[in-house]
Every structure is written in C-alpha cells, then in structure tokens.
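Let's take a friendly walk through a protein structure, from where its chains meet to what lies inside them. Have a look at the picture first, then read on.

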There are 2 protein chains.
Amino acid sequence: MLTFDFYNPTRIVFGKDRLKELNKLIPAEAKVLVLYGGGSVKKFGTLDKVRQALGERKVIEFGGIEPNPRFSTLMQAVEVVKRESIDFLLAVGGGSVMDGTKFITLASAYDGNAEDLLRCGFKPVPLTSALPIGTVVTLPATGSEMNSGGVISHQGGKYPVFSPLAFPQFSLLDPTLTFTLPPTQVANGVIDTFIHTVEQYVTIPAEGRFQDRTAEGILRTLIEIGKKTIDQPTDFDARANLMWCATNALNGLIGAGVPQDWSTHMIGHELTAMFGIDHAKTLAIVQPAVWTVRKEQKRAKLLQYAERVWDITEGEETTRIDQAIEKTRGFFEGLGVPTRLGAYGVTAEKIDDLVAALEKHGMTRLGETGEVTLEVSRRILEAAL
Amino acid sequence: MLTFDFYNPTRIVFGKDRLKELNKLIPAEAKVLVLYGGGSVKKFGTLDKVRQALGERKVIEFGGIEPNPRFSTLMQAVEVVKRESIDFLLAVGGGSVMDGTKFITLASAYDGNAEDLLRCGFKPVPLTSALPIGTVVTLPATGSEMNSGGVISHQGGKYPVFSPLAFPQFSLLDPTLTFTLPPTQVANGVIDTFIHTVEQYVTIPAEGRFQDRTAEGILRTLIEIGKKTIDQPTDFDARANLMWCATNALNGLIGAGVPQDWSTHMIGHELTAMFGIDHAKTLAIVQPAVWTVRKEQKRAKLLQYAERVWDITEGEETTRIDQAIEKTRGFFEGLGVPTRLGAYGVTAEKIDDLVAALEKHGMTRLGETGEVTLEVSRRILEAAL
C-alpha cells in the first residue's frame with residue numbers, strides 16, 4: 001500500500017424529508033447566498049422548500065450556474081458575496097453548482113486576481129480561510145458534495161481547483177429530490193460514478209485490498225441498479241444506492257494509498273471544451289479506448305476487474321480483458337449513452353486539434369505512471385472513433 | 001436504505017516513517033500529555049521517537065493504562081491534565097489507550113462527577129468542548145483511531161462513552177510500528193475487525209449495497225491476510241491491509257444507513273468483566289453462537305455472507321448457513337483463537353451469572369431488532385459451550 005493522508009470533514013445528512021434540517025445546519029444569524037443552476041430546482045419546488053427551511057434568515061439567490069461552470073459566471077457571484085457581506089454559501093444542484101460554489105468561496109477570500117486560482121493544478125490554493133459552504137444535492141454524479149475540489153471552465157480550458165477550505169461543511173442527500181431528473185442526466189450520473197471509480201482502481205497493483213474491494217463494490221452496485229434507477233426514477237432504494245455510491249466514489253476513500261489514473265478525465269475534458277459533449281459522455285467514450293490501448297500496462301488490474309466485477313474467469317487472459325471492455329461498453333450503451341466519437345459527430349480529422357489542446361493544457365504525461373504521452377492520447381482517441 | 005448521518009473529521013496519516021510529522025500535527029506551543037499502556041512502547045523505542053518528534057514542547061507522560069481501561073486509572077490522568085494545564089493529549093497504543101484518552105479528555109472538561117459520563121450509553125455526553133487528542137496506533141484492532149467512542153470499565157461493568165469531541169484530530173498509522181506485536185494480539189486484532197464488520201453486516205436486508213459490498217471486502221481481506229500477518233509480522237502490505245481494514249470497520253462507514261446488531265459485543269463484555277477473557281476472544285466465542293441461535297432471523301444476510309465471503313453457493317440454504325458458520329469458526333481457530341467457552345474454563349454453571357450480569361447492565365433487548373432478550377442470550381451462551 002502507498003503512503004497516504006485521508007481527511008474528509010464533510011457531514012453527510014442522508015435520507016428522505018431532511019431539507020427542514022437546514023435550519024439547524026446553518027447558523028441562525030447567517031446571511032445566506034443560495035446558488036443554483038437552471039430552473040429545475042425552481043420548477044420542482046426544491047428552492048421553495050430550501051427557503052422555507054431557512055426561515056427568517058436573510059437569503060439572496062444566485063441562479064444560472066451552467067454545466068461546466070464558467071469563471072466569468074462565478075465571478076459575478078463573487079461580487080454578490082462581497083457586496084452583500086454573505087456569511088454562508090448554500091449550493092442547491094449537481095456537480096456544476098457545487099464545484100462553482102467551491103470556487104466562489106475561494107475566490108471571494110482571495111485578494112489577488114482570481115484567475116491565479118486556476119493555475120494551482122492539484123495543489124491547494126494559497127488561502128487560509130474562506131466562507132463555509134453547504135450543499136443540497138439534486139444530481140448524484142460528481143461526488144463534489146464530499147470532496148475538496150472542483151473543475152472550472154475558462155477560455156476553452158477546464159481547470160481543477162483544490163483546497164481543504166472547499167470541503168462542504170455539510171451535504172444534504174435526499175434521494176427523493178432527484179426523482180424528477182431527466183433520464184439522460186441519471187445515466188450521466190451512473191457513468192460519472194463508474195469512471196471515477198475505475199480511474200482509481202484499474203491502474204497497477206498496489207496491495208490496496210480494502211480500496212480494491214470497495215471500488216469493486218461500487219461498480220457492481222452501479223451495474224445492479226444503473227438501468228433500474230433510470231427506468232424507475234422513483235424507486236427510492238435504487239436511487240439511494242446510486243447517490244451514496246456517487247459520493248463514495250470520489251470522497252478520497254477508494255483512492256487513498258493506491259495509484260490513480262485520471263487520463264480518461266483529462267482527455268474527456270478536451271471533448272467537452274471543444275464539442276460541448278456532456279462530461280459523463282466523454283468519459284464513456286474515452287474509458288474503453290484507454291483500456292484498449294493500455295491493455296498491457298493495466299493487464300493485472302483489468303484481469304481482476306474482469307473477474308471480480310463481471311465474473312469473467314474463463315478463457316485466455318487477453319480474451320477476458322477484451323470481454324470486460326466490451327461488457328463495460330455494453331453497460332454504458334445500455335444506459336442510452338453511445339461510446340464512440342462518431343455518434344457525437346466527431347471524426348478522425350479532429351484528433352489533431354484535440355491532441356494540440358491537450359498539449360496546450362500541459363496534458364503530456366497522463367495516467368498512473370505518466371506514460372500517456374500525447375502520442376498515446378492520439379492512439380486512445382483513434383481507438384474511440 | 002435507512003436514514004443516516006455520517007461525520008468523521010479525523011485526519012489519517014498512513015505509512016512508514018511518519019512519526020516525525022507529529023511535529024507539524026500538534027501545535028508548536030502545546031503542552032502535551034503522552035498516554036500509553038504497558039511498557040512495550042518504551043521497550044521498542046516508539047515512545048522515544050514520539051518524544052523526539054515533539055521536539056522542544058513540554059511533554060508529560062502517563063503510562064499504565066490497562067487493557068479494558070479502568071475509570072479509576074483514567075481519573076488519575078484527568079488530575080494530571082488539570083494540574084499541569086495540558087493542551088493536547090497524545091495516545092500512543094492500541095484501543096484501550098485510545099479509548100482511555102478519549103474518556104480523559106471528556107472527563108477533564110466535565111464539571112460534575114465523571115461517573116455521570118458512563119451513564120450516557122450511546123447518546124453523546126453533555127459537553128460542548130474538550131481538549132484535542134491525537135493517536136499513534138500500535139495495535140490495529142478497535143478502530144478507535146477514527147471514531148468518537150470508547151468503552152470504559154468500572155466496578156465490573158463496561159460502559160460505552162460517545163462524543164463528537166472524542167474524534168481524534170489525527171491518527172498516525174504506521175504499520176511498521178506494529179511489527180513487534182505478539183502473535184496473540186495480532187490475532188485479536190484480526191478477529192476484532194472481523195466482528196466489528198459482521199455486527200454491522202449480518203443483520204437484516206436494508207438495501208445498503210455499498211455498505212454490504214464494503215463490509216464483504218473487509219471480511220475477504222481479513223481472510224486473505226489474517227494468517228499471513230500473524231506468521232510474517234514484518235510483511236508490510238499484509239499488516240497495512242489489516243490496519244486500514246481495522247480503521248474502516250468501525251469509522252461509521254459500513255454501518256451508515258443499515259441496521260446494526262452488537263449483541264455479540266454486549267454478551268462478550270460480560271465474559272471479559274467476569275473472567276478476564278480478552279475482548280476479541282469473547283467475540284470469537286459469542287459470534288458463531290449468535291448466528292447458530294438466530295439463524296432464522298438472519299437467514300437472508302447469512303446466505304449472502306456465505307455466498308459473497310466464503311463462495312458457498314451449493315446445497316440447501318440451511319446447509320450453506322451452517323457451512324458459513326463453521327468456516328468462520330475455522331478461520332478464528334486457525335488464527336490460534338478457540339471459539340468455545342470450555343477452552344477458557346467457563347462451564348455451563350456460569351451461565352446464570354452471565355445472564356444476571358446482562359440484566360444488571362440493562363442488556364435485555366439486544367440485536368438489530370431488539371429480539372435478543374435475556375432468554376435468547378442464555379441460548380446463545382449455551383450454544384457457545
């Protein structure tokens with residue numbers, strides 16, 4: 001097992017009808033900025049319930065945080081935070097709203113040019129305090145509700161931003177608040193959770209037995225309930241299992257003490273930036289291709305994945321690996337998500353541009369061992385055609 | 001899935017040669033009370049290394065915290081804390097030292113009679129602040145390093161004490177510090193971790209798929225590495241896996257949102273109190289008997305346990321359950337731990353006394369559904385003969 005630190009102070013408040021508890025989770029005297037995305041939290045009444053729970057507190061709303069939240073949008077919220085002397089930020093939404101809210105609290109506390117914060121990469125931003133945040137999760141997918149990072153879009157790039165100050169103080173997870181999600185977003189959530197898990201699991205062996213088994217547990221759960229929670233959106237237990245898996249897939253637990261890949265995410269980010277393809281769909285495209293191209297480097301873990309997640313134990317090793325990749329592809333396609341670039345209108349001619357974008361963003365040594373050079377990324381994109 | 005809250009702010013610092021980081025984990029100006037048990041942390045040099053890492057800080061030592069730490073011993077440490085105006089408590093040891101240190105910080109902050117704190121049961125003790133604690137774990141077993149509870153012995157009883165203030169601020173887990181443990185203590189650690197896990201898993205179905213799979217992952221890991229880490233005490237990865245499983249078995253993760261049993265622990269406590277049998281050994285005695293007696297109530301989860309942990313899929317349901325119980329018993333015995341009361345010199349005539357002790361301590365409705373009455377406990381003890 002590798003050396004690691006694990007720290008996660010976010011309080012999870014999980015279950016039906018818990019929105020009213022916002023009243024005790026947020027200080028009584030706090031002036032609250034409630035942040036959200038499009039209109040669905042208004043349309044389905046979540047925002048009303050949130051305001052009701054907040055009672056007599058002074059509340060200001062900031063809506064319109066878009067998918068892949070943009071620096072320029074978030075900086076408008078930073079102005080509101082400063083102008084209105086906000087004490088507490090409450091994100092009501094999915095990963096974009098939560099990621100955006102994290103950036104807003106950090107940028108509000110930062111004295112310099114907030115663009116600096118986009119250049120810290122995976123290092124914590126240079127801050128020692130920031131306003132507390134809480135979240136009400138309406139889309140189970142990114143795990144942002146229980147980690148300290150976010151991804152911010154700016155001028156055609158996607159930038160990771162991290163800080164221990166960005167851990168939500170609490171996250172309220174009520175599966176029933178997600179019942180109204182459109183099927184495509186639920187499918188995205190299943191795939192996002194799946195890929196978060198394999199990015200930390202299908203790497204190279206490192207004797208992280210607890211981590212491996214826990215990752216496999218998330219994957220098997222997603223395979224068991226993925227289709228069901230799309231087809232039967234009001235099945236509480238299926239949705240609850242998706243929601244809790246999504247959180248645990250990216251709260252640091254399964255990645256502690258083991259190598260991590262993340263090349264699928266980095267290549268996927270370019271697809272989103274260039275073609276506007278949903279984040280999760282880019283992952284469904286890139287992941288099978290990464291495995292196809294890096295079959296040898298990931299052989300041991302792909303065989304473990306084939307056996308423990310898909311019960312594939314017969315046949316030649318390479319055949320088992322190929323079967324596991326096909327099973328994975330079939331799982332994603334079965335959720336209604338195509339796994340080939342062509343299905344999204346992206347053709348071979350665009351690969352040069354994508355590789356150039358990876359180079360521009362410094363993505364020249366990706367993967368658990370840094371072996372995913374631009375040349376390997378090119379082969380991955382070709383395998384995804 | 002059941003409604004739950006999950007909160008665990010303890011920072012885990014895991015890996016080889018990390019003791020020197022105590023210097024940055026504990027405030028520079030803190031006056032530190034270092035607490036430990038018997039002499040092994042002195043004998044094997046851990047205490048020296050701790051003092052070296054603490055540098056110029058004022059350090060006072062309090063040794064002699066015994067297994068099943070006693071109220072009277074701990075109250076002596078409380079006096080030291082008050083008299084010396086201690087700022088930080090550092091536990092160096094296993095579960096007893098950590099549990100004891102938690103109680104010491106709480107009792108030091110409590111104005112009334114500290115015996116009151118023993119009467120809170122599983123409710124948090126009535127306190128709003130307490131001195132911070134850190135731990136250096138030398139025995140992987142109880143999970144105390146990453147939870148908010150402890151068990152304190154007083155006048156023949158064992159009392160749970162809980163408080164969010166008892167979460168260690170950090171816990172330093174260096175598997176190499178455990179290499180010098182005697183085999184019997186390692187075996188106890190494996191069994192303690194195993195039983196912590198099944199107390200939260202072999203109950204009744206509740207659609208906690210992530211929790212179940214994670215619990216099964218811990219159990220399979222223990223079965224894989226349990227014997228090895230006793231026979232090859234300096235195998236880093238085996239010990240690291242035991243250590244990280246022990247922590248995760250009782251940090252709230254696998255028990256969140258699912259029913260919990262704990263009858264094995266409560267009955268086992270009486271065996272420790274009355275006959276001085278090691279805590280883990282009492283669990284190895286009681287757990288198979290609980291399953292034997294409550295086979296019907298736990299049927300669904302026992303079948304799941306048989307299949308997913310022991311790969312038992314053939315034969316009648318009852319046969320599969322019996323096989324799983326025997327496999328479990330065989331696993332414990334294979335670690336050198338007898339699983340029958342007789343092996344510890346406890347005979348049938350003592351059962352009346354044990355049942356009376358359970359009654360005296362209010363243990364009349366145990367188990368995940370409260371069905372373990374005194375009469376059921378009696379049958380469990382009989383099955384353990």
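## A pairing between chains

In this predicted model, Ile12(A) has Phe6(B), in strand 1 of chain B, as its bridge partner. The two strands involved, strand 2 of chain A and strand 1 (residues 4–6) of chain B, run antiparallel and are joined by three bridges.

## Where chain A meets chain B

Now for the wider contact. On chain A, 30 residues are in contact with 30 residues of chain B. Strand 1 (4–6), strand 2, helix 7 (209–231) and helix 8 (236–249) of chain A each give two or more residues to this side. Helix 7 of chain A gives the most, with nine residues.

What kinds of residue make up the side of chain A that touches chain B? They divide into 13 nonpolar, eight polar and nine charged.

## Two domains in chain A

Chain A is assigned domain 1 (11–177) and domain 2 (183–383). Their centres, taken over C-alpha atoms, are separated by 27 Å.

The domains also touch: 17 residues of domain 1 of chain A are in contact with 24 residues of domain 2 of chain A. Strand 2 (11–14) and strand 8 (157–162) of chain A each supply at least two residues of domain 1's side. That side of domain 1 holds eight nonpolar, seven polar and two charged residues.

## A helix in chain B

Helix 5 (residues 95–109) of chain B has 15 residues, which at 1.5 Å a residue should span 21 Å; its end C-alpha atoms are 21 Å apart, in agreement. Because 14 of its 15 residues are buried, helix 5 of chain B is largely enclosed by the rest of the structure.

Conventions
Residues numbered from 1 in each chain as written. Chains lettered and ligands numbered in written order. Predicted model: local features only at pLDDT ≥ 70, side-chain atom pairs only at ≥ 80, totals over all residues. Helix = DSSP H or I, 4+ residues; strand = E, 2+ residues; numbered from the N terminus. Expected span 1.5 Å × (residues − 1). Buried ≥ 20, exposed ≤ 12 C-beta atoms within 10 Å, placed from the backbone. Domains from an automatic or database assignment. Contact = placed C-beta atoms within 7 Å. Nonpolar A, V, L, I, M, F, W, Y, C, P; charged D, E, K, R; others polar. Pairing = 2+ DSSP bridges.
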